[in-house]
Amino acid sequence: MELNLRPERPEEQHEVELLIREAFWGYFRPVCDEHYLAHLLRESPAFVPELDVVAEQNGRLVGNVLYSRASITDRNGRKHGVLTFGPLSVLPEYWNCGVGSALMRHTIQRAKQLGYPAIVLHGHPDYYPRFGFQSAKLFGITNGEGESYDALMAMELFPGALNGVAGRFEEDPVFCVSAEEAAAYDAENFPHKEPAAMLPVGLLLEKLPEKAQQAFRSRNITLLNDLNRFSGRELLCWEGMDASLLPVVNMVLRENHLAPKLLPGCEILERAKCGACL
């Protein structure tokens, strides 16, 4: 697919927000607030306009990514500046066509050119390693509550950029979006859209043995989309799960247009470790 990657134009803001709304509606929950977050981000001092990029195909906007400045606070209270990004959005009819990958590779290179040291994010732990992201735990980086998990990832843009920068990752406060304000913004600015019917995790559980089913139930996982929070490595640490069941999980995820899980030791994860993904 031939894509034109370029900066978003001011007159395209509403069209981009509509694109984001379509991309996220029903993905994590029946509605979404990512388009409202984009609206707020553009007014935030943390926003990085040079990294607000759209993907255009035959004159139609089909993808977008937004970046903002964030920080890591070390044990001495010093703040170290990093980048984060999100939302990364692709129109559903263009999923699995390379649009998101093109946006990521383009903007990572641009962030390097702008001199940013590293990128830290909360995201799909089995999607972003293909671009070089690793578990933030490897750099001593946690969330604001001091917790580590595979969905919190980091990538140095220059060798050693995160040396001695262990601490707590903090996004700009704009990311604390009010659900009520988001709903009001949506109602005022966009056509009515019915909440999406979410996919139950039962679509997967019926194909797994009882012990594995219990591992999902004990973690209160009710929706198939909830698995976006966990890596393949983390799933394999659950009682009742083993490597023979991960292909079953991935089959169900692919059937429902969700990103599959990576097996520990796979080529993508090994390349991420040595920074060879780009």
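Two strands count as paired if DSSP finds at least two bridges between them. In this predicted model, strands S3 and S4 form a hairpin with five residues between them.

- Strand S3 comprises residues 60-73 and is joined to S4 by ten bridges, the two strands running antiparallel.
- Within this pairing, Tyr 67 stands opposite Phe 85 of S4.
- In the turn of the hairpin, Gly 77 has a positive phi of about 85°.
- Nine of the twelve residues of S4 are buried, so the strand is largely enclosed by the rest of the structure.

**Gly 86 in strand S4**

- Gly 86 belongs to strand S4, which spans residues 79-90.
- With a relative accessible area of 10%, Gly 86 is buried, because the cut-off for that term is under 20%.
- When neighbours within four places in sequence are set aside, Gly 86 is in contact with Leu 41, Leu 66 and Phe 175.
- Gly 86 and Leu 121 lie 35 residues apart along the chain, and their C-alpha atoms are separated by 8.2 Å.

**Helix H6**

- Helix H6 covers residues 210-217, and Ala 212, Gln 213, Ala 215 and Phe 216 are buried in it.
- Seen down the axis of H6, these buried residues fall within an arc of 155°, so they line one face of the helix.
- In general, an α-helix has 3.6 residues a turn, so residues three or four places apart point the same way.
- The cover over the buried residues of H6 includes helix H5 (202-205) and helix H7 (232-236).

Notes. Residues are numbered from 1 along each chain as its sequence is written. This is a predicted model: local features need pLDDT of at least 70, side-chain atom pairs count only at pLDDT 80 or more; totals for chains, interfaces and linings use all residues. Side-chain values use heavy atoms; hydrogens and water are left out. Helices (H or I, at least four residues) and strands (E, at least two) are DSSP runs, numbered from the N terminus. Buried means under 20% relative accessible area, exposed over 50%, partly exposed in between (1.4 Å probe, protein chains only). Contact means heavy atoms within 4.5 Å. The arc is that of the directions from the helix axis to the C-beta atoms.
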